[in-house]
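Dear colleague,

Please find below the structure that I am handing over to you. My notes on its side-chain contacts follow it.

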Amino acid sequence: IESCSSFSIKSLDAMELMESSAQQASSILSLMEDEHSSDVAFVETYNSQVDKSSYTLLVAGASSPDVRNYSEVIETWGQCIDGSALRLPERRGRGHHPHATRDGAFQKRLQLEASAMKSLMKYLEFMEADLYEDFSTDSTTKSSQRKRPPPDRICYNIILASMARQVNPSLYEMRLVLQRMMERVQYELEYVDNETDLEEGHEDDHFNELAMAFFPDVFSYNALIEARANRSAMFASDSNTKQQQQQQFSSPRFHVWQQGQSENLTQKKRRYSSSEEEAILAEHTVEEMSSIVTVSVRPNIWSYNAVIKGWLKTDSERGLQR
């Protein structure tokens, strides 16, 4: 998938191969789940019917997929998302149709992105459903009986990084993923409070540290900054396309009505373009990271590189000055 993602957007075969590879990874994971469930069911049935005094009890031999297996499959689908080629400015040459980019390859890229995002959220919801269902049921349910392992922070960060590479990243949906991470922290803290076998205080502190391990880290917020930078590039590309269309279809004649309204139009002009606003919001995300006091989340070089990228993609004089 990494090799196929480097192909041009025009390569339909590359995108089909990427989707096929991700589907095969999902099939292997489903096969592991089915084999483990079948093995456990057979062993439980056999052990319940055999004479324990005369025969040795069987032990399930099929390995249960762990969180790393799920994170690898999630990352496989996430690598199918890459909207960088679609955010490039259009190159119009002789005989170039204005809607040439919205061809079959463009639609295939959007379909692949939608399919990948659906698979990412499906696996995340499955893993969280087993986790919260175990917490909400009675105490007889054991953690070892979960069908799927609970997601860790790496799974959340992979999804955030994938969402940041979309053609049009949705910051609202990314903030919802951050909210899921905070809910996981709350769940772990409540789970620690409900434990009655904790006697010493240092053990309680240890479990609190484990719960805070699900708090959004610098990689989580870097994904938000990268999404702002990609949105800045997208708005700048759209602005350049609109300017080219206006130059192509504008009339060379200067109408009388334009003389009376030219000054008013300049006064109502926006102070910042949409692309520049995204770069400013990327800076605000860096400031948000510095103001977090719950855990130590400080911007690193990748954070500032994403902000610089956002300002450079604005393609404006203000962006070069920033």
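Arg-184 and Glu-188 are both in helix H6 (residues 171-194), four residues apart, which is about one turn of the helix; helices here are DSSP runs of H or I with at least four residues, numbered from the N terminus. Please note that this is a predicted model, in which local features need pLDDT of at least 70 and side-chain atom pairs count only at pLDDT 80 or more, while totals for chains, interfaces and linings use all residues. Residues are numbered from 1 along each chain as its sequence is written, and side-chain values use heavy atoms, with hydrogens and water left out.

**Salt bridges**

Arg-184 and Glu-188 form a salt bridge, with the closest N and O atoms 2.9 Å apart. The term denotes a side-chain nitrogen of Lys or Arg within 4 Å of a carboxyl oxygen of Asp or Glu. Arg-184 is buried at a relative accessible area of 3%, and Glu-188 is buried at 16%; buried means under 20% relative accessible area, exposed over 50%, and partly exposed in between (1.4 Å probe, protein chains only). The charged end of Arg-184 also sits over the ring of Phe-214, 3.9 Å from its centre. For this, CZ of Arg or NZ of Lys must be within 6 Å of the ring centre and within 35 degrees of the ring normal.

The structure holds 12 salt bridges. Among them, Glu-19 pairs with Lys-108, the closest N and O atoms being 3.1 Å apart. This pair links distant parts of the chain, with Glu-19 in helix H2 and Lys-108 in helix H4, 89 residues apart. Both Glu-19 and Lys-108 are buried.

**Aromatic pairs**

How many aromatic pairs does a search of the whole structure find? There are two, where rings of Phe, Tyr and Trp (its six-membered ring) pair if their centres lie within 6.5 Å; planes under 30 degrees apart count as stacked, over 60 as edge-to-face and the rest as tilted. Phe-42 and Tyr-46 are stacked, because their ring centres are 6.4 Å apart and their planes lie at 25°. Phe-42 is exposed at 52% relative accessibility, whereas Tyr-46 is partly exposed at 31%.

The rings of Tyr-70 and Tyr-123 have centres 6.4 Å apart and planes at 70°, so this pair is edge-to-face. Tyr-70 belongs to helix H3 (residues 67-78) and Tyr-123 to helix H4 (residues 104-136), so the pair ties together parts that are 53 residues apart in sequence. Tyr-70 is buried at 0% relative accessibility, and Tyr-123 is buried at 6%.

Yours sincerely

Technical notes:
Helix = DSSP H or I, 4+ residues; strand = E, 2+ residues; numbered from the N terminus.
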